[in-house]
Amino acid sequence: MRDDLKTILSGFAQFAVGVLVAAGSLGLYLFSYSHPMPHESWIEVGQEAFLLAATLVMSFEAKKDKAYAGGLWLIAGFLTALFIRELDAWLDDIFHGSWKYFLIVYLVWLGYTIWKAGRETIVPGLAHFIRSRAFPLMLVGTVIVLAYSRIYGYKGMWSIYAGDCSWNAIKTLSEEATELVGYTLMFYSAFLFKRLK
């Protein structure tokens, strides 16, 4: 009975964290609208922060858990690749498309790191993460970011529904806010994986 109550209280706590994140996201959307930035929106900065945090959590776990290191480094690498791609507006100050070169350098380092950790840890590490309670959140977040946000932010659909109103404002709010939801889920997944092991 006591364990059941602890489980229920833990569920309520997780729900409360979700509500606070959602409320914070709304505040971030409004702040982003009233405080424009030269390169990106504050929503995108929030995305980058969640991605960086998820990357750091998964990298820490990969360093700590030698038996699963290869698979966990792959997951951290995927998150880092998304992070580098999200920095494209900032990296374009160096030259247009420079994010690709940063990504190539990182992928070389990642390959070396996985090789050093041992190829035999790749499959067990991936399976370990997929079996965890954190995986469904990572999966949903990834689908939202890589598929749903693109479809949802498709200009042709919005021009049919919204007519001639400001496309950039609508696109930024809809596509970038949706991506923020996905990245938030990915970060929360990484955080849960660390806590629930």
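Trainee: How many helices and strands are there in the chain?

Mentor: Helices (DSSP runs of H or I, at least four residues) and strands (runs of E, at least two) are numbered from the N terminus. The chain has nine helices and zero strands, so its elements read α-α-α-α-α-α-α-α-α from the N terminus on. This is a predicted model, in which local features need pLDDT of at least 70 and side-chain atom pairs count only at pLDDT 80 or more, while totals for chains, interfaces and linings use all residues. Residues are numbered from 1 along each chain as its sequence is written, and side-chain values use heavy atoms, with hydrogens and water left out.

Trainee: What does the C-alpha trace of the chain span along its principal axes?

Mentor: The C-alpha trace spans about 55 × 50 × 30 Å. Accessible areas come from the Shrake-Rupley method with a 1.4 Å probe, and for residues only the protein chains shown count as cover. The chain exposes about 11800 Å², and carbon and sulfur atoms supply 71% of that area. Buried residues (under 20% relative accessible area; exposed is over 50%, partly exposed in between, with a 1.4 Å probe and protein chains only) make up 40% of the 197 residues.

Trainee: Among contacts between residues at least 6 apart in sequence, what percentage join residues at least 24 apart?

Mentor: A contact means heavy atoms within 4.5 Å. Of the contacts in the chain between residues at least 6 apart, 73% join residues at least 24 apart. Phe187, in helix H9 (residues 167-196), gives a case. Phe187 and Phe50 are 137 residues apart in sequence, yet their C-alpha atoms are 5.7 Å apart in space. Beyond its neighbours within four places in sequence, Phe187 contacts Phe50, Ala53 and Ala54. Phe187 is partly exposed, at 21% relative accessible area.

Trainee: Is Gly118 buried or exposed?

Mentor: Gly118 is buried, with a relative accessible area of 8%. It sits in the loop between helix H5 (99-117) and helix H6 (122-131). The C-alpha atoms of Gly118 and Leu28, 90 residues apart along the chain, are separated by 41 Å.

Trainee: At what angle do the axes of helix H2 and helix H3 cross?

Mentor: Axes are lines fitted to C-alpha atoms, for helices over the stretch in contact, and angles run from 0 to 180 degrees between N-to-C directions. The axes of H2 (residues 42-64) and H3 (residues 69-86) cross at roughly 160° and come within 8 Å. That makes H2 roughly antiparallel to H3 (over 145 degrees; under 35 is roughly parallel, 65 to 115 roughly perpendicular, the rest oblique). The crossing is left-handed, meaning that the near helix is turned anticlockwise from the far one by less than a right angle; clockwise would be right-handed.

Trainee: Which residues of H2 and H3 meet?

Mentor: Leu51, Leu52 and Met58 are among those in H2, and Leu72, Trp73 and Phe83 are among those in H3. By class, this contact has 13 nonpolar, four polar and four charged residues (nonpolar: Ala, Val, Leu, Ile, Met, Phe, Trp, Tyr, Cys and Pro; charged: Asp, Glu, Lys and Arg; polar: the others, Gly among them).

Trainee: How do H3 and H5 pack, and at what angle?

Mentor: H3 and H5 pack at about 175°, with their axes 10 Å apart. That makes H3 roughly antiparallel to H5. Their contact has 14 nonpolar, four polar and one charged residues.

Trainee: Is the crossing of H3 and H6 left-handed or right-handed?

Mentor: The crossing is right-handed, and the axes of H3 and H6 come within 5 Å at roughly 65°. Gly70, Gly71, Leu72, Leu74 and Ile75 in H3 meet Ile122, Gly125, Leu126 and Phe129 in H6. That contact has six nonpolar, three polar and no charged residues.
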